[in-house]
Amino acid sequence: QLDAFVVLASGEISYSSQQCSNFMTIYTIIQTVTLIPGDGIGPEISTAVMKIFEAAKAPIQWEERNVTAIKGPGGRWMIPPEAKESMNKNKIGLKGPLKTPIAAGHPSMNLLLRKTFDLYANVRPCVSIEGYKTPYTDVDLVTIRENTEGEYSGIEHLIVDGVVQSIKLITEEASRRIAKYAFEYARNNQRTSVTAVHKANIMRMSDGLFLRKCREVAENYKDVKFTEMYLDTVCLNMVQDPSHFDILVMPNLYGDILSDLCAGLIGGLGVTPSGNIGANGVAIFESVHGTAPDIAGKDLANPTALLLSAVMMLRHMGLHGHAKKIETACFDTIRDEKVLTKDLGGNAKCSEFTADICRRVQDMD
Amino acid sequence: KHTTIMMATLTKALKPILGMQFGNTAKPPPAKYGGRHTVTLIPGDGIGPELLNHVRELFRFSCVPVDFEVVHVNSASTSEDDINNAIMAIRRNGVALKGNVETNHTMPPNHKSRNNLLRTSLDLYANMMHCQSLPGVQTRHKNIDIIIIRENTEGEYSSLEHESVSGVVESLKIITRNNSLRIADYAFRLARDKGRRRVTAVHKANIMKLGDGLFLQCCKEVASGYPDIEFDSMIVDNTTMQLVSKPHQFDVMVMPNLYGNVVSNVCAGLVGGPGLVPGANYGRDYAVFETATRNTGKSIANRNIANPTAMLLASCLMLDHLKLHDYANMIRGAILTTMNETRLHTVDIGGQGTTSEVVQSIMRIIQSGGPLTTEI
């Protein structure tokens with residue numbers, strides 16, 4: 001007999017059932033997530049994440065796909081149709097590092113993914129990790145970067161020999177969309193303030209437009225504090241006292257620089273999670289470090305970045321309990337400092353690190 | 001007297017044609033009126049006026065042979081007369097010391113930033129900032145010594161924007177071969193003069209292939225002419241990440257305008273904040289000195305808590321430029337003694353001293369150094 005049935009997933013729904021007693025059977029919704037292992041250390045860290053999720057009994061089943069670009073009809077490069085179909089069906093994806101080949105003729109894979117799924121927001125929460133010491137100990141902020149336009153529109157011209165012009169494009173629609181996402185994120189994650197980062201004193205019209213849209217959206221979210229700050233002031237204050245900042249929302253280039261700056265504050269790309277939110281409910285979470293071909297296949301990689309991105313994914317899906325469990329296990333392992341991979345200062349293998357986290361997760365149950 | 005002044009003006013006007021000194025840093029104007037230099041002073045807004053008053057007080061006390069011609073620029077006024085007067089005064093005197101003029105960004109787009117207008121009209125193409133850790137100041141990283149050279153006139157600061165379709169704005173970033181070669185040359189010459197070993201170009205050429213690609217190419221060309229100096233390049237986002245974790249790997253850095261803004265603020269934050277670092281803007285014929293991070297400091301204005309160090313060190317840079325090295329070293333020594341030995345700090349670096357207390361302490365140290373001063 002069933003008292004309640006709640007649909008949580010937006011994609012394909014499958015479920016497992018567990019007989020608890022004669023009267024009750026618990027149905028758990030299992031959501032399917034597209035997994036893109038990537039290149040280099042990608043496959044081993046993906047395996048690590050899958051192991052940890054299994055140990056945590058997270059209701060996720062993985063659908064592995066490859067996104068190496070293929071030439072579609074008409075000669076345009078695109079991602080394989082199986083990958084695209086899987087993403088559109090599941091809506092949620094987890095991606096490892098992809099290598100950008102130099103002379104393959106096709107654009108960067110990340111760019112292709114971005115365009116295919118209209119991934120307009122790049123979200124990077126940066127929280128200081130206890131046990132991984134950096135000079136900055138009280139970082140807890142989120143950078144939300146507009147990912148489709150701005151300085152990265154790719155529109156450049158050679159005007160005359162020796163004079164080049166790059167165009168920075170800012171549109172009302174994209175600015176409003178990113179501002180709305182930032183405020184929604186603030187509300188959903190109980191954050192207190194959103195700061196718009198700009199250089200409107202110099203780029204009056206473009207950053208001015210961005211700022212105006214942010215202000216307009218802020219009107220509808222009176223419960224969240226809205227401030228504006230110049231890019232240089234943010235940089236200056238960030239390296240002196242990062243605890244002042246909560247959520248930062250900004251156009252593409254500033255977002256690129258600031259998100260990497262904040263990653264540097266907490267320890268680098270090896271421990272920073274990242275998520276890309278697209279239109280139509282698509283969200284791809286990824287690790288932003290490189291493929292590290294020199295240590296690929298040697299069981300030396302650090303899966304923390306991909307793991308924390310997967311935790312971010314769980315939170316996005318509303319599975320806060322499992323997210324907290326896995327995150328705590330990961331931080332405890334790092335804080336303990338007994339089983340750390342080489343980049344964190346230890347000499348353990350990736351499998352040992354993973355096993356330690358799995359053990360902690362199982363102990364928590 | 002009239003003929004002398006006319007000849008001086010004529011010579012100055014013909015200088016670009018007669019004495020072509022391509023690629024040199026600005027030549028200081030000849031000292032006029034009996035060995036005393038005249039320098040343009042632009043108070044600006046916020047903490048500018050009070051800090052520049054302290055500079056004047058200190059100079060008077062130390063008997064520095066510099067007279068200031070004060071030119072006010074009203075940031076609220078829409079006409080460009082004020083800033084044009086300031087520019088003319090700087091053309092006349094050759095050197096200026098300025099506070100930041102606030103830009104109200106809610107004004108319409110044709111109201112350009114006054115500071116930017118000044119830099120582009122006078123073609124102050126190189127912004128130099130020397131970030132050094134001071135032993136007396138508590139920071140997370142110690143022993144930082146980085147020189148940042150930032151292209152000051154073009155790039156993203158070209159102020160060329162238009163709204164071609166409603167709701168879509170385009171902003172142009174201009175990179176030219178001439179300016180890139182010029183700034184790269186400035187960087188390498190400075191590195192050589194100061195005995196530095198490496199120059200790093202900061203760019204984003206993987207994305208802005210033509211624009212930053214041209215900048216990088218120009219840097220490489222200039223680097224080939226300086227085989228004694230190492231040259232490498234780094235992408236701007238990686239640069240900021242490296243700066244906060246391993247800042248000691250950097251020596252001299254050269255970059256276009258916007259990245260210069262970001263990197264110089266990050267470095268200023270690393271060595272202790274905006275109140276400590278002086279900045280200099282050099283052109284072929286003119287030089288303007290100010291604080292490196294160009295903050296207006298509205299919230300701390302007129303409360304006697306602003307840190308005078310940055311502005312005072314900027315005035316020392318100006319004295320060096322005028323070849324008044326003895327005075328420059330005397331004042332700089334006194335400032336550093338107050339900072340590192342006496343440890344009299346203002347609020348921004350964790351102390352409790354007021355601006356006037358710090359200045360008084362500097363004056364006392366100067367007085368104890370010899371009989372050169374007037375009464376306090």
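Reply: Ten is the number to remember: 10 residues of domain 1 of chain A are in contact (heavy atoms within 4.5 Å) with 10 residues of domain 2 of chain A. Before going on, note that this is a predicted model, where local features need pLDDT of at least 70 and side-chain atom pairs count only at pLDDT 80 or more, while totals for chains, interfaces and linings use all residues. Residues are numbered from 1 along each chain as its sequence is written, chains are lettered from A and ligands numbered from 1 in the order written, and side-chain values use heavy atoms, leaving out hydrogens and water.

Me: What makes up domain 1 and domain 2 of chain A?

Reply: Domain 1 takes in 30–98 + 109–120 + 269–364, and domain 2 is 135–266. The bounds come from an automatic or database domain assignment. Taken over C-alpha atoms, the centres of the two are 26 Å apart.

Me: Why is the contact between A:Arg176 and A:Glu173 called a salt bridge?

Reply: The term asks for a side-chain nitrogen of Lys or Arg within 4 Å of a carboxyl oxygen of Asp or Glu. Here the N to O distance is 3.2 Å, so the pair qualifies under that cut-off. By this rule there are 44 salt bridges over all chains.

Me: Where do A:Arg176 and A:Glu173 sit relative to each other in helix α4 of chain A?

Reply: They are three residues apart in that helix (residues 172–188), which puts about one helical turn between them. Helices here are DSSP runs of H or I with at least four residues, strands are runs of E with at least two, and both are numbered from the N terminus.

Me: How do you know what span α4(A) should have?

Reply: The expected span is 1.5 Å times one less than the number of residues. For the 17 residues of α4(A) that gives 24 Å, and the end C-alpha atoms are 24 Å apart, so the two agree. Just after α4(A), A:Gln190 takes a positive phi of about 50°.

Me: Is A:Glu327 buried or exposed, and how do you know?

Reply: Buried means under 20% relative accessible area, exposed means over 50%, and partly exposed is in between (1.4 Å probe, protein chains only). A:Glu327 has 15%, so it's buried. Its salt-bridge partner is A:Arg315, at 2.9 Å from N to O. A:Arg315 lies in helix α8 (residues 304–316) and A:Glu327 in helix α9 (residues 320–336) of chain A, so the pair ties together parts 12 residues apart in sequence. A:Arg315, at 26%, counts as partly exposed.

Me: What makes a group of residues a nonpolar core?

Reply: The members must be buried Ala, Val, Leu, Ile, Met, Phe, Trp, Tyr or Cys residues, joined through side-chain atoms within 4.5 Å. The largest such core has 70 residues, and A:Phe53, A:Ile144 and A:Val249 touch the most other members. Its largest share, eight residues, comes from α8(A).

Me: Why is this core said to lie between domain 1 and domain 2 of chain A?

Reply: Because both domains give residues to it.

Me: Which residues is A:Ile144 in contact with, leaving aside its neighbours within four places in sequence?

Reply: Among them are A:Asn122, A:Ile178, A:Tyr181, A:Leu248 and A:Val249. Of these, A:Ile178 and A:Tyr181 are buried residues in α4(A).
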